[in-house]
Structure formats: structure tokens, C-alpha cells
Amino acid sequence: MSVAVVVEAPGRHRLVPHEPREPRPGEALVRVHAVGICGSDREVHQGNRPEGYVRYPLTPGHEWSGTVAAVGPGVPGSLAGRKVVGEGFRNCQVCDRCHAGETTLCTAGYEETGFTRPGAMAPTLTLPARLLHVLPDDADLTAAALLEPAACIAAAALKARAVPGERVAVVGTGTLGMFAVQFLAAASPAELLVVGTRPDRAELSRRFGATGFRTKDQPLPDDVDVVIETAGSADAARTAAGLLRRGGRLVLTGIPAPGADGLDPTDLVVRQLEVHTVFGAPPDAWAHTARMFGAGLLDPLPLVTHELPLTAFPDAIELVGSGDPKVGKVLLRP
């Protein structure tokens with residue numbers, strides 16, 4: 001029997017029988033290949049996701065890959081059988097922000113697959129076909145399940161506007177940090193420094209294109225052109241800002257716990273730092289990610305350390321929160 005994960009309420013989940021929902025006009029039915037678990041899924045399970053950003057009961061799963069099994073009226077039939085990934089934000093398409101391409105800022109309110117709408121921790125997922133991004137026929141769908149976090153970092157890379165020959169850096173060595181290294185490496189920097197707390201990530205960082213690796217307790221430069229922060233730790237933003245030259249560009253993607261050390265406004269003004277933030281990925285970031293992946297410039301597979309059946313959802317949640325440095329990306333397979 002096919003089953004889906006349903007989180008009934010914080011701390012309570014169950015496996016329920018799954019029946020595919022036939023696509024309505026403008027929709028596609030996707031057969032899920034793999035779905036990733038990240039810290040936000042753990043927040044959903046534990047009940048500490050911010051109010052308004054989750055709706056129970058819920059089938060989680062916002063990081064996924066799959067194959068289109070059927071399409072509804074108004075969707076090209078040629079989409080059936082194609083390998084795809086999909087955007088999570090269910091934007092209204094008519095507000096000013098949506099028309100500007102800033103779908104993560106949709107003024108109609110927050111709606112996202114896996115948080116307020118049914119997600120991919122099920123054998124199939126039915127969603128608007130306009131959210132899909134088609135992958136090459138020979139794409140590795142296991143690797144492609146990581147393209148959602150990659151798209152979030154693509155959004156950061158686009159805001160960073162790194163150009164060839166600049167000195168760039170990444171703060172954080174988790175999944176997002178390793179994607180940031182790959183996106184910045186594609187811009188042909190003069191130097192690419194990675195700053196983190198785990199010396200064991202030095203080798204992987206260099207494999208992805210880093211030219212240097214330091215831990216936070218080592219001497220750090222203060223003349224970098226561009227920094228992407230991905231750590232989300234209490235002092236990550238300050239560390240990242242401290243790396244920059246006057247007039248440098250900083251993009252923050254991590255979400256620390258309340259009470260984190262904030263950036264010093266005086267320092268920002270006097271040094272004329274340019275600061276951007278990212279929450280989610282708009283369509284241009286998804287398109288950029290799909291192109292990079294299709295061209296072989298993104299290599300997500302080394303980040304995957306565990307693949308479990310969908311029925312092992314509680315074990316996967318525990319792995320993600322274990323703090324074990326040997327645990328990287330955890331995937332569930334329906």
C-alpha cells in the first residue's frame with residue numbers, strides 16, 4: 001500500500017494511505033523520486049516554525065525531484081514523462097511583487113509546498129505546472145532532489161553579483177555553504193575562501209572550487225569583495241561582515257535563533273557595506289540553478305549521506321538534528 005507522511009500536530013505524525021490527486025486545469029501530477037529533509041522540516045515536526053509559516057495537519061516535503069506522470073487540461077502533453085523539480089512558493093501571480101519576479105515577497109501572503117500546502121513526502125505530488133523546471137533526460141534525480149536548497153543559494157549568488165577576478169568568501173560549511181562555493185566558483189573569482197567551524201569540510205570545499213579554508217578562530221582577512229553567509233549561527237553575520245572591504249557586498253541566508261549578535265549599523269554605514277538577504281528562491285534563481293545543474297556546474301550528490309524509505313521519517317528527523325558531523329543531506333525515497 002502506498003503511504004504518505006502526515007504531521008498532525010507538533011510532535012505527532014502518522015503514515016496514511018496515499019491516493020494520487022488527478023491534476024486539475026493548469027496542474028501536473030509528479031511521481032516523486034526523492035525528497036530531502038532540512039532544518040525547517042524538523043521545525044515543522046517539533047512545532048517551532050514561526051506562526052503563519054506552517055499549517056497542520058500537513059504532508060511535509062519542499063525539496064524534491066520526480067517525473068511528470070500526468071498533466072491537466074491546459075498543460076502541454078509533452079511535459080508527461082519529463083524529469084522535473086519545482087518551486088515551492090505558491091504566489092498569486094497578480095500583485096506588484098509577483099509581476100516584478102519577486103514571488104517570495106508575494107503580497108497575497110505566504111503559501112508554500114510542504115509548509116502550508118501538501119508536500120512531497122508521498123509517492124506523488126500534484127501542483128501547478130507553472131512551478132515546474134524541466135531537467136535533462138539524463139539527469140540524476142537523486143542529485144536533483146537537492147536543487148531547492150541550491151536555488152535558495154542561487155538567489156544569493158545573483159544578489160551578490162560576483163564578477164570574474166573578485167575575492168569572494170563563504171561563511172558556513174553545511175549544504176547551503178557547499179552550494180555557495182559552487183555558485184561562486186562558477187564566477188571565476190581570484191580567490192574563494194571558506195570560513196566554518198568544521199575542519200573536516202576543507203577537502204570538500206576545495207573539491208567544489210575553494211582556494212582557501214579557515215576556521216573562525218584563525219586569522220581572517222578584512223578585504224574581501226563579496227561574502228555569502230549560510231551558517232545561521234549567532235555570530236555568523238558579524239563574522240561575514242568582518243571579512244569585507246569597505247563597500248563590499250554581503251548576502252545573508254542563515255536564520256539564527258532570536259537574540260543573535262546583530263550587525264552594527266554604525267559599521268555598515270561607515271564602511272558603506274551593501275547588505276542583502278534571501279528567504280526562498282524566486283523563478284530566476286530556479287532557472288539559474290536548473291541551467292547550472294544541466295551544464296554540470298553543480299554537483300549535489302557528494303552532499304547526500306543517507307537515503308531512507310519514507311516510512312523511516314522519524315529516524316530521518318533525528319538524523320538531521322543529531323549534530324553528527326557525518327550526517328549530511330538526508331533523503332527519503334517513497
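Two packed helices are described by the angle between their axes and the distance between the axes. In the predicted model, helix H4, which spans residues 147–160, and helix H5, which spans residues 175–185, have axes that come within 9 Å and cross at roughly 50°. The crossing of H4 past H5 is right-handed. On the H4 side, the contact is made by Pro-149, Ala-150, Ile-153, Ala-154 and Ala-157, and on the H5 side by Leu-176, Phe-179, Ala-180 and Phe-183. This H4–H5 contact comprises nine nonpolar residues, with no polar and no charged ones.

A second contact involves helix H1 (residues 39–46) and helix H10 (residues 313–320), whose axes come within 10 Å and cross at roughly 120°. The handedness of the H1–H10 crossing is left-handed. Helix H1 contributes Gly-39, Asp-41, Arg-42 and His-45 to the contact, while H10 contributes Phe-313, Ile-317, Glu-318 and Val-320. By class, these residues of the H1–H10 contact are three nonpolar, two polar and three charged.

A search of the whole structure returned one cavity of 30 Å³ or more. The largest cavity holds about 40 Å³ of space. Its lining consists of Gly-88, Phe-89, Glu-112, Glu-148, Cys-152, Gly-280, Ala-281 and Trp-286. Four of the residues lining the largest cavity are nonpolar, two are polar and two are charged.

Note on methods
Residues numbered from 1 in each chain as written. Predicted model: local features only at pLDDT ≥ 70, side-chain atom pairs only at ≥ 80, totals over all residues. Heavy atoms only, no water. Axes fitted to C-alpha atoms, helices over the stretch in contact; angles between N-to-C directions. Helix = DSSP H or I, 4+ residues; strand = E, 2+ residues; numbered from the N terminus. Left-handed = near helix turned anticlockwise from the far one by under 90°. Contact = heavy atoms within 4.5 Å. Nonpolar A, V, L, I, M, F, W, Y, C, P; charged D, E, K, R; others polar. 1 Å grid on protein atoms, 1.4 Å probe; cavity = no way out; pocket = protein on both sides within 12 Å on 5 of 7 lines; lining within 4 Å. Points joined across faces, edges and corners; volume = space filled by probe spheres on them.
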